[in-house]
Amino acid sequence: MAHKVTLIPGDGIGPEVVNATVRILEATGVKFAWESFAAGAEAYEKYHEYIPKELIESIERTCVGLKGPVTTPIGGGFSSINVALRRQFELFANFRPIRNLPAVPTRYPGVDLVVIRENTEGLYSGIEHEVVPGVVESLKIITEKASTRISRFAFEYARKNHRKKIHAIHKANIMKLSDGLFIRCSRSVSKEYPEITYGEHIVDNTCMQLVMNPYQYDMLLLENLYGDIISDLCAAFVGGLGLVPGANFGHQCAIFEAVHGSAPDIAGKDIANPTAVLRSGILMLRHLGEDNAANHIRLALEKVYGEKKHTTRDVGGTAGTTEFADAMVDALHTIPPPEPVLQEVEI
Ligand code: ATP
């Protein structure tokens, strides 16, 4: 039976990288029934809604989404579609595994980090107002409920996946109440998981520590804004934004999307790297119980990156998005599907 998945191609490089990903996912032989919808400015032109009702109803039905980036206007205009979708479906946990692809050379080989970001509150509450002309206020909301929920998600993930250490990242020396509450909740949850080492690092020090020695960390647990910033930093360890996947999990639904944005500087040129969305697709295949297909794509990625003939510019190659996708489809047709043995979550 085909898996029903809501597809949001997005804008900027979104449609290019999502279409490439769909071709590659389908080349595994797994059947999908895609329900595709526009969102953001493009949807507004068609439906006068930034998130069309039909899109919401589709996710309610399928409970699984694969999403390209949707541009959020800077300094004005509508608020973020990503944030709105995460809030609408209570996708409270943002999951970003940071792992090298073996054939992509970087300054930091062998990085294996998991970044868990709280997705529903913090400075992303979007509550901003002008107090008096020339003075504005932005509210950072931190609740015990959401902080405990994300901490439990992180520790459960660590337990199930045999991770060893979690560091909660904060600035509680300055934001004593808000970040103070966040780490109190993580600390309290950590006591239920004695086999996992728990630590706390201040966010500015974490940036330096990461650049000096990313191997000292195993999992990072962060509130919303620190999670956004640190995950871009961590993407650089493994070759940049074109490579790093992500997933947003709630209790009911999950939406899989890359860490990167709509990259307007390279949109429409057929040069974007679809690997980040594709690896988000690998996470989706695992979520759907299609581990064999996920492992098959993983092997094809190793082949295509290993040969270095059809990789995109961001990783030192010369190929375009379409050429990379063609090479991946060819590789999937050439390499036999692997035996169902890989238990580990590989992306
Ligand atoms: P947002 O704030 O919307 O998350 P961002 O600040 O993370 O966006 P991006 O739009 O992701 O910014 O782009 C940052 C840089 O990375 C740009 O120079 C862009 O061209 C590059 N980039 C992002 N995604 C890709 C990709 N898939 N392939 C190649 N380059 C990319």
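Author: A crossing counts as left-handed if the near helix is turned anticlockwise from the far one by less than a right angle, and as right-handed if clockwise. This is a predicted model: local features need pLDDT of at least 70 and side-chain atom pairs 80 or more, while totals for chains, interfaces and linings use all residues. Residues are numbered from 1 along each chain as its sequence is written, and side-chain values use heavy atoms, without hydrogens or water.

Reader: Okay, which hand does the crossing of helix 10 and helix 11 have?

Author: Helices here are DSSP runs (H or I, at least four residues), numbered from the N terminus. Helix 10 covers residues 291-307 and helix 11 covers residues 321-334, and their axes (lines fitted to C-alpha atoms over the stretch in contact) come within 9 Å. As helix 10 passes helix 11, the crossing is right-handed.

Reader: And how are helix 10 and helix 11 set to each other?

Author: Their axes cross at roughly 120° (angles run from 0 to 180 degrees between N-to-C directions). Under 35 degrees is roughly parallel, over 145 roughly antiparallel, 65 to 115 roughly perpendicular and the rest oblique. Helix 10 and helix 11 are therefore oblique.

Reader: Which residues of helix 11 does helix 10 meet?

Author: On the helix 10 side you'll find H296, I297, A300, L301, K303, V304 and Y305 (contact means heavy atoms within 4.5 Å). This contact of helix 10 with helix 11 divides into 10 nonpolar, 1 polar and 1 charged. The partners in helix 11 are F324, A327, M328, A331 and L332.

Reader: What about helix 1 and helix 11, how are they set to each other?

Author: Helix 1 spans residues 14-27, and its axis lies 9 Å from that of helix 11. They pack at an angle of about 10°. Helix 1 and helix 11 are therefore roughly parallel.

Reader: Which residues of helix 1 make that contact?

Author: Helix 11 brings T321, T322, F324, A325, D326, M328, V329, L332 and H333. From helix 1 come E16, A20, R23, I24 and A27.

Reader: Which side chain has an N or O atom 2.9 Å from an oxygen atom of the ligand?

Author: 13 residues surround the ligand (a heavy atom within 4 Å), and among the closest are H260, G261 and N273. D232 has a polar side-chain atom 3.4 Å from a ligand oxygen atom. The 2.9 Å pair belongs to D265.

How values were computed:
Helices (H or I, at least four residues) and strands (E, at least two) are DSSP runs, numbered from the N terminus. Ala, Val, Leu, Ile, Met, Phe, Trp, Tyr, Cys and Pro count as nonpolar, Asp, Glu, Lys and Arg as charged, and the others, Gly among them, as polar. A polar contact is a pair of N or O atoms within 3.5 Å; within protein, one must be able to donate a hydrogen and the other to accept it, and residues adjacent in sequence count only if both atoms are side-chain atoms.
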